[in-house]
Amino acid sequence: MPKDFRIWLGGGFILLLLLAAIFAPLISPFDPLEQDLLSATMAPGQDPSHIIGTDSLGRDVLSRLIFACRIALTVAFVAATLACLAGTFLGMLAGYLGGWWDATISRLIDIWMAFPPVLLSILLVAVLGTGIHSVIAAIVVIDWTRFARVVRAETQQQARLEYTEAATALGMSRGTILFREILPNVVPVILVLLSLEMGIAVIVEAILSFVGLSVSTDTPTWGGMIAEGRQIIYQAWWVLVFPLVTLFLTVLAFNQLGDGLRQWLDPMLKR
Amino acid sequence: MSPVIDIKHLSARSAAGPILRDVALSVNAGETMALVGESGAGKSTIAKAVLGILPQGITVTSGDIVFEGKNLLTLPQRELRKMLGVRIALIPQDPLTSLNPARRIGDQLTDGLRLRAGMDGKTARTQATRLLNDVQIRDPERVLQRYPHELSGGMRQRVLIAQAFSLNPQVIIADEPTTALDVTVQKQVLRLIRDMQRNHKTTLLFVTHDLGVVAQVCDRMTVLYGGKVLEQGVVAEILQSPQHPYTQALLAANPRYDRPSQSLKPVPETVLAALKQELSA
């Protein structure tokens with residue numbers, strides 16, 4: 001059982017968001033798309049039914065916030081997992097096989113990382129067209145290098161340890177050694193990276209929806225809400241602040257979870 | 001008696017210079033051959049060359065290692081891998097790092113049985129329990145569930161011994177199997193290796209720098225220095241009347257527990273100088 005409160009706090013917050021996303025239609029007080037121009041830009045508490053107010057079209061901010069969890073978390077989990085799978089696979093190949101494989105994959109990573117990520121993602125989505133699939137594809141295509149780089153280094157280190165040699169002397173094939181012997185030792189690093197990557201994916205999705213390149217504009221997203229709130233910040237600060245704070249807390253939760261996992265899973269610190 | 005492993009004219013070098021110089025060594029069926037020498041003498045290199053796991057940077061420049069009629073040095077990787085574990089196995093040097101820290105003992109022990117001997121999961125499990133029993137581990141079922149860090153050094157080395165014998169290989173190479181253990185455990189582990197070897201009729205190539213160990217478990221011995229074989233023969237005879245001056249000095253350097261007042265005797269400079277000349281010749 002991890003004692004680190006960051007794991008519980010970060011993980012707890014993410015679990016809360018996850019539940020909110022799954023049960024969004026049940027728990028949100030209003031339809032997130034329902035407009036009511038008569039009750040536009042109502043401040044929090046002005047109408048008890050709109051707990052944190054309404055936006056310029058009279059839509060309930062809390063309901064939109066809850067529904068926006070769906071896009072954010074879908075992107076976070078799917079994109080980060082796919083980037084993780086691709087990056088881990090290539091990183092392990094490079095780290096274990098070395099030689100020509102390592103040279104090719106490492107150069108590919110170097111070239112990839114030379115592109116500015118945000119610009120590259122905007123470019124990718126512009127080319128692929130908007131939509132959640134494009135956002136996920138953009139994140140995977142850009143961020144697999146984060147996994148590949150670290151997993152490669154970790155695999156290299158593990159491959160030099162004596163248990164790998166012992167497995168070789170037992171006549172195990174290279175594939176067996178890589179996936180049965182080395183992979184379990186690399187998993188802790190992967191889990192930490194995965195958690196951090198989910199936070200990054202949330203930010204990237206927010207950036208893309210902020211500039212209108214994510215899902216269609218009538219689906220509520222945190223980035224989209226921030227963009228809308230920015231225009232009426234002097235009349236209705238709450239439209240901007242609540243999605244901003246939620247975004248901030250979500251990314252913080254993923255990062256804290258990642259840091260907590262790092263401490264908890266690190267075998268050097270455990271002993 | 002025909003040798004099981006026949007090493008002829010084996011030379012190897014690294015960027016820094018020669019590691020093995022024209023080593024000849026043959027091990028007969030069922031016997032225990034000791035490879036003795038100080039650090040850097042090339043004893044582990046010989047062991048690793050037999051197993052085909054030489055570290056990068058060390059290359060074999062000439063020679064043959066013949067096992068079951070095949071030259072292991074020219075055997076394709078795939079063919080060699082088929083023999084490893086099944087025909088030739090290794091007892092590694094460091095029990096602390098030679099078990100995978102992230103996997104349970106049971107999974108590591110059954111891997112070889114399932115993947116190499118084709119047993120199904122349940123049979124492999126039963127066999128693993130029996131193997132742990134053979135190496136005198138109490139409560140084997142519980143130990144199978146454990147991770148390496150939950151076991152003591154002696155226990156881990158027993159697990160590695162069980163693993164080496166698990167596929168009943170003809171030859172086992174023990175690479176300083178007791179160096180990392182403390183003295184009381186050393187004795188038990190040595191006796192265990194010896195008993196296991198007799199029961200399985202295994203041929204043992206025993207790498208060590210400890211002459212006491214050699215006297216206890218080995219039949220014949222090969223003394224190495226700087227990658228060169230200095231002396232080879234029956235253990236009792238060499239310990240009794242060593243021929244080479246280096247072997248004599250090595251034996252004299254062994255601390256005598258019955259005479260603690262005597263100061264330690266390093267190998268004399270004159271012997272080392274003579275050796276250097278011999279090597280460069």
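**First stop: the largest cavity**

Begin by selecting helix H7 of chain A, residues 162-169, which with three residues gives the most to the lining of the largest cavity. Helices (H or I, at least four residues) and strands (E, at least two) are DSSP runs, numbered from the N terminus. This is a predicted model, in which local features need pLDDT of at least 70 and side-chain atom pairs count only at pLDDT 80 or more, whereas totals for chains, interfaces and linings use all residues. Residues are numbered from 1 along each chain as its sequence is written, chains are lettered from A and ligands numbered from 1 in the order in which they are written, and side-chain values use heavy atoms, with hydrogens and water left out.

Next, select the lining itself: A:Tyr163, A:Ala166, A:Ala167, A:Leu170, A:Met172 and A:Glu181 from chain A, with B:Ser98, B:Leu99, B:Asn100, B:Gln108 and B:Gln163 from chain B. On a 1 Å grid over the protein atoms alone, a cavity is a set of points where a 1.4 Å probe fits but cannot get out, while a pocket is an open set with protein on both sides within 12 Å along at least five of seven lines; lining residues have an atom within 4 Å of a point. The space in this largest cavity is about 90 Å³, a volume being the space filled by probe spheres set on grid points that are joined across faces, edges and corners. Colouring by class shows six nonpolar, four polar and one charged residues in the lining. Here Ala, Val, Leu, Ile, Met, Phe, Trp, Tyr, Cys and Pro count as nonpolar, Asp, Glu, Lys and Arg as charged, and the others, Gly among them, as polar.

**Second stop: the other cavity**

How many cavities of 30 Å³ or more does a search of the whole structure find? There are two. H7 of chain A and helix H6 (153-165) of chain B each supply at least two lining residues, and H6(B) gives the most, with three. The lining has seven nonpolar, one polar and no charged residues.

Centre the view on A:Thr168, B:Ile53, B:Leu54, B:Pro55 and B:Gln56, which lie nearest the centre of the largest pocket among its 37 lining residues. About 1,300 Å³ of space lies in this pocket. H3(A) gives the most to the lining, with four residues. By class, the lining divides into 20 nonpolar, 12 polar and five charged residues.

Now show helix H1 (residues 5-22) and helix H3 (residues 61-97) of chain A. Their axes come within 8 Å and cross at roughly 115 degrees; axes are lines fitted to C-alpha atoms, for helices over the stretch in contact, and angles run from 0 to 180 degrees between N-to-C directions. Contact means heavy atoms within 4.5 Å. A:Ile14, A:Leu17, A:Leu18, A:Ala20, A:Ala21 and A:Ile22 in H1(A) meet A:Ile66, A:Cys69, A:Arg70, A:Leu73 and A:Phe77 in H3(A). These residues comprise 10 nonpolar, no polar and one charged.

**Last stop: B:Arg194**

Finally, select B:Arg194 in helix H7 (residues 183-200) of chain B. Leaving aside neighbours within four places in sequence, B:Arg194 is in contact with B:Gln216, B:Val217, B:Cys218 and B:Asp219.
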